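User: Could you walk me through this one? I would like to hear what stands behind each label.

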Amino acid sequence: MFPLWLQAGFWGLVGGSALLLGSAVGYYAKIPQRAMSSDKPLTRLRRSDGFWCRCANFSTIV
């Protein structure tokens with residue numbers, strides 16, 4: 001069994017490298033403008049009344 005501080009450091013390193021890897025992929029990936037500007041799913045959610053509608057609106061504010 002490894003000490004707790006070593007386990008925490010390992011999982012922190014794993015989580016940090018996953019964030020760096022994801023940001024690098026997002027920076028270098030070619031995403032079409034049409035895919036980024038599409039808001040059709042959010043429009044459908046905004047019209048509905050319920051939990052998903054509030055989540056979609058909250059995510060656009062934050």
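User: How do you know how confident the predictor is in this protein?

Analyst: By pLDDT, the predictor's confidence in each residue, from 0 to 100. The protein averages 75, and 53% of the residues score at least 70. This is a predicted model, where local features need pLDDT of at least 70, side-chain atom pairs count only at pLDDT 80 or more, and totals for chains, interfaces and linings use all residues. Residues are numbered from 1 along each chain as its sequence is written, and side-chain values use heavy atoms, with hydrogens and water left out.

User: Where is confidence lowest and where is it highest?

Analyst: Helix H3 (residues 40–47) is lowest, at a mean of 54, while H1 is highest, at 94. Helices here are DSSP runs of H or I with at least four residues, and strands are runs of E with at least two, numbered from the N terminus. The protein has four helices and zero strands, in the order α-α-α-α from the N terminus on.

User: Why is Phe2 called exposed?

Analyst: Exposed means over 50% relative accessible area, buried under 20%, and partly exposed in between (1.4 Å probe, protein chains only). Phe2 has 60%, so Phe2 is exposed. Its place is in the segment before helix H1 (4–28). Of the 62 residues of the protein, 5% count as buried.

User: What makes the nonpolar surface patch?

Analyst: Phe2, Trp5 and Leu6 make a patch of about 400 Å². Nonpolar side chains (Val, Leu, Ile, Met, Phe, Trp, Tyr) are joined within 5 Å, like charges within 9 Å. Areas come from the Shrake-Rupley method with a 1.4 Å probe; for residues, only the protein chains shown count as cover.

User: Why is the pair of Phe10 and Trp11 called edge-to-face?

Analyst: Rings of Phe, Tyr and Trp (its six-membered ring) pair if their centres lie within 6.5 Å; planes under 30 degrees apart count as stacked, over 60 as edge-to-face and the rest as tilted. The structure holds two aromatic pairs. For Phe10 and Trp11, the centres are 5.0 Å apart and the planes at 70°, so the pair is edge-to-face. Tyr27 and Tyr28 also form an edge-to-face pair, with 4.9 Å centre to centre and 85° between the planes.

Technical notes. Patch = residues over 30% accessible without salt bridge, like charges linked within 9 Å, V, L, I, M, F, W, Y side chains within 5 Å. Salt bridge = Lys/Arg side-chain N within 4 Å of Asp/Glu carboxyl O.
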